Every structure is written in C-alpha cells, then in structure tokens.
Amino acid sequence: MVEQNEETPDRSANQERTDELGTPDKAAEPETTPTETAAEEPAEGNDDEVVSGDAEVSGEDESEIAADYLEELLDIADLDGDIDIEVRQNRAYISVVTEENEEDLELLVGRRGEVLDSLQELVRLSVLASTGQRSRLILDVAGYRDRRGDELKTMAEDAIASVKDSGNACHLKPLSPYERKIVHDIVAENGLHSESEGEGSKRHIVISVEATRDDVVEGDA
C-alpha cells in the first residue's frame, strides 16, 4: 500500500549504540589523503560522482517508480510493509513501515544501515533505468534513519563539547556520505570547523576549533 505524506512512526532502537567518538587529534594517525570541507560533502550515496549540470527527475515521478520497485521487492521477499511518500523541495523521501513484524523489515536495514544504503542505491538505479535521469531520493525502512539521526546528533554534540573544552581536534569514526553531511551541518551550527579525511570505508570527519593552515585554499590571504 502506498500512502502520501505520512510520517514514519517512532520506534525505539533495538541495537546497542556504538562508540563513534574518536580520539583527540594528538592521538590520531596522520592523514595523507585529500581533505573535504563541509561545503564539499556529498549529500548522499554516490552524489559526489555526479557532474554539475546533470538533470534530475521530479520528486513525484521518481516516487511512483520507486514505490512500484519497492512493492515488487517486498512481494518477492514475502515481507509486509506500507510505503509512505513525501516530496520536499522536489526531493522524494520514501519510507517502508509496518505496524507489526518490524523485526522482519530490519532485514532490509542491516548492520549500521549497510543493507539500507545498498537498497537505496538500487531504488535510485530503477529510477535511472526508467527515466534516464539521476535520482537523489532518500529511502528509510522501519524508522532507521530517524533513530540514526538522533545518534549522530548525540555523537556530534559530544565531540563538539570535547573540542571546545580541550581545543584539540577530534577524529570521528568513519561514516557514510549521508551521515557525514548531517554531522557537518550540526558542527557548522555550533560555530566549529569540520572536514572529511580519508578514502573509501575509512573516510571520516575531523572537528576542530578552526580551519588549519593546510585547509586554506590557494589564493586565500
């Protein structure tokens, strides 16, 4: 069943919160890979691979395509779930929810949302295959992203407090592009500096009081 503009129901997290707050800068290993500031952080998934000027399908159109794909997948997997759709600023937000047997839907989330991230990319590819245009839709299952957002906020606030108290930069554990974007925004709201370092599965955020000399782009005074 597809429902428009429904909010995803709250549910308590059933996974233990992992310690994602890293160590102060003085204890961290030196980084040799390029850095990325908050303004350059991709919003989600493979968005950083899309070149400027790529067209985007409308939120309404991609929602219908994504919902059809997800309904077929749920049928194949023999899972019960309703599909809620919301379009905000032409970006589709799709949630798979259920009032019972939520544990079954957790199979589509996986450890730390790894299965969910992969499923989201498959849904985006289904939109691309149907329209020839890229999609930046956000997929949630069983309220995972809402719960994860609360965890990221707590983690970021703990790191911010540590940096303000000690003055030392703090390295966080590796996060996905979507999660890094959330943390970057929280750090910026608190008046601190953040950047991403590392590559691939080791890419993580470093929070500091201000940008270091190495972060100043060529041409800056």
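Which residue just after H5 takes a positive phi? Gly191 does, at about 75°.

## Basis

This is a predicted model, in which local features need pLDDT of at least 70 and side-chain atom pairs count only at pLDDT 80 or more, while totals for chains, interfaces and linings use all residues. Residues are numbered from 1 along each chain as its sequence is written, and side-chain values use heavy atoms, without hydrogens or water.

## Cores

A nonpolar core is a set of buried Ala, Val, Leu, Ile, Met, Phe, Trp, Tyr and Cys residues joined through side-chain atoms within 4.5 Å; buried means under 20% relative accessible area (1.4 Å probe, protein chains only). The largest such core has 24 residues, and Leu70, Ile94, Leu108, Leu137, Leu139 and Val141 have the most contacts inside it. At least two residues each come from helix H1 (59-77), strands E3 (82-88), E4 (91-97) and E5 (138-141), and helix H3 (114-131). Helices (H or I, at least four residues) and strands (E, at least two) are DSSP runs, numbered from the N terminus. H1 gives the most to this core, 6 residues.

Leaving aside neighbours within four places in sequence, Val141 is in contact (heavy atoms within 4.5 Å) with Val96, Leu105, Leu108, Val109 and Leu116. Another core, of 15 residues, lies apart from the largest one and includes Met155, Ala156, Ile205 and Ile207.

## Helix H5

Helix H5 spans residues 177-189 and has 13 residues. Buried residues in H5 are Pro177, Glu179, Arg180, Val183, His184, Ile186 and Val187.

Definitions and conventions
Buried means under 20% relative accessible area, exposed over 50%, partly exposed in between (1.4 Å probe, protein chains only). The expected span of a helix is 1.5 Å times one less than its number of residues.
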